[in-house]
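Me: I am new to reading protein structures. Please take me through this one, feature by feature.

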Amino acid sequence: MDVTLRTLFCRFAILSSALLAASSAFAQSTVQRMYVLYCGESTTKDVSANWSPGVNVGVARDFSDNCYLIEHAEGWFLWDSGMSASIAATPEGVTAASGLLTMYVKKTLASQLEALGVAPAEISRIAFSHFHSDHVGNANLFTAATLYIQEPEYDAAFGADAAKFGFAPKFYDKLAGNKVMKLHGDDDVFGDGSVTIISTPGHTPGHQSLLVRLPKSGAVVLSGDMVHFQDNWDNRRVPARNFDKEQSAKSMERVAKLLEDEHAKLWINHDKAQSASVAHAPGFVE
Ligand SMILES: [Zn+2]
């Protein structure tokens, strides 16, 4: 091998090992899997009373409620914590939202985490779509996690007027001492584009949704309460009790555009039929 060839060969070797390092770094930095956890269920006697104003008056509706546990090379990330485990002690259900809803918990989040072998203290990052009690019901389990939250939601939830926003601090007050990332818009949680918080205000002051780029299934957007079920999404209906109707409509349009751009699926947390079509823990999606 002459000198020129040897130099070229060396350069090629260096370049390929650099590429290999870069690609394995990329492979390590993506989401590995996502567990969808049962996090309660609820029913209303009249869906028009809040969720579809003027439509389906007097029609009952059941809602699912999920939590989403994401395994990433840099640690566990939990999205939403569902309804409080305390509801499990009342099998006939607990009324909420001024009697609009009855909530049931037939299996606790803690028991499902235990079955997966994941201790709450091992979950290093946590975010909630918003601070209503069907999403932060078990938040107090996660005092070791860094909390990702929009600043307007933080101010509403941890301020003196939390009840005005429909928030019940008893479910999440222990998070006041957590390390917190106060956000002002979207946030790429791991810095590799695999898990991105999307600011979708309207349902509450700092409501957010989650874009997850799954390694095999592709991109999904977890709705939080940006929308509650497919028919409302198809008709872009804004629930009567949302914090800001105009913001709510804008957030829906924003997510619709995001779904197009990302070729992403929308997973609607409270849509019972759609939730039932997704594998739940101990199964997972990749
Ligand atoms: Zn909800």
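Me: Which residues coordinate the zinc ion?
Reply: A donor here is an N, O or S atom within 2.8 Å of the metal (3.2 Å for Na, K and Ca); water is not among the atoms, so sites may look incomplete. In this structure the zinc ion is coordinated by Asp-134 (OD), His-135 (NE2), Asp-225 (OD), Asp-225 (OD) and His-270 (NE2), at 2.1 to 2.8 Å. Along the chain, the donors follow the spacing D-H-x89-D-x44-H.

Me: Where do Asp-134 and Asp-225 lie?
Reply: Start with the elements. Helices (H or I, at least four residues) and strands (E, at least two) are DSSP runs, numbered from the N terminus. Asp-134 lies in helix 3 (residues 133-136), and Asp-225 in the loop between strand 12 (218-222) and helix 5 (230-234), so the pair ties together parts that are 91 residues apart in sequence.

Me: What kind of model is this, and how are its residues numbered?
Reply: This is a predicted model: local features need pLDDT of at least 70, side-chain atom pairs count only at pLDDT 80 or more, and totals for chains, interfaces and linings use all residues. Residues are numbered from 1 along each chain as its sequence is written, and side-chain values use heavy atoms, with hydrogens and water left out.

Me: Are Asp-134 and Asp-225 buried or exposed?
Reply: Buried means under 20% relative accessible area, exposed over 50%, and partly exposed in between (1.4 Å probe, protein chains only). Both Asp-134 and Asp-225 are buried. Across the protein, buried residues make up 50% of the 286 residues.

Me: How many helices and strands does the protein have?
Reply: There are seven helices and 13 strands.

Me: What does His-207 touch?
Reply: Contact means heavy atoms within 4.5 Å. Residues up to four places away in sequence are not counted for His-207. Its contacts include Ser-129, His-130, Glu-153 and Asp-225. His-207 sits in the loop between strand 10 (195-199) and strand 11 (208-214). His-207 is buried, with a relative accessible area of 0%. The side chain of His-207 also reaches the backbone nitrogen of Asp-225 at 2.8 Å.

Me: How many disulfides does a search of the whole structure find?
Reply: A disulfide is a pair of cysteine sulfur atoms within 2.5 Å. The search finds one. Cys-39 and Cys-67 form it, with their sulfur atoms 1.9 Å apart. The pair links distant parts of the chain: Cys-39 is in strand 1 (residues 31-44) and Cys-67 in strand 2 (residues 61-72), 28 residues apart. Both Cys-39 and Cys-67 are buried.

Me: Which hand does the disulfide have, and why?
Reply: Look at the torsion about the S-S bond of Cys-39 and Cys-67. That torsion is about -115°, so the disulfide is left-handed.

Me: What volume does the largest pocket have, and which residues lie nearest its centre?
Reply: On a 1 Å grid over the protein atoms alone, a pocket is an open set of points with protein on both sides within 12 Å along at least five of seven lines. A cavity is a set of points where a 1.4 Å probe fits but cannot get out, and lining residues have an atom within 4 Å of a point. Grid points are joined across faces, edges and corners, and a volume is the space filled by probe spheres set on the points. The largest pocket has a volume of about 740 Å³. It is lined by 36 residues, of which Ala-97, His-132, Ser-133, Asp-134 and Gly-166 lie nearest its centre. Asp-134 is also one of the residues that coordinate the zinc ion.

Me: Which element gives the most to the lining of the largest pocket?
Reply: Strand 4 does, with three residues. Strand 4 (94-96), strand 5 (101-104) and helix 3 each supply at least two.

Me: Where is Thr-102, and what does it touch?
Reply: Thr-102 is found in strand 5. At 18% relative accessibility, Thr-102 counts as buried. Leaving out residues up to four places away in sequence, Thr-102 touches Glu-41, Ser-42, Thr-43, Glu-92, Gly-93, Val-94 and Thr-95.

Me: How many cavities of 30 Å³ or more are found?
Reply: A search of the whole structure finds two. About 50 Å³ of space lies in the largest cavity. Its lining includes Val-36, Asn-66, Tyr-68 and Trp-267. Strand 2 and helix 7 (272-276) are the elements that give two or more residues to that lining.

Technical notes. A polar contact is a pair of N or O atoms within 3.5 Å; within protein, one must be able to donate a hydrogen and the other to accept it, and residues adjacent in sequence count only if both atoms are side-chain atoms.
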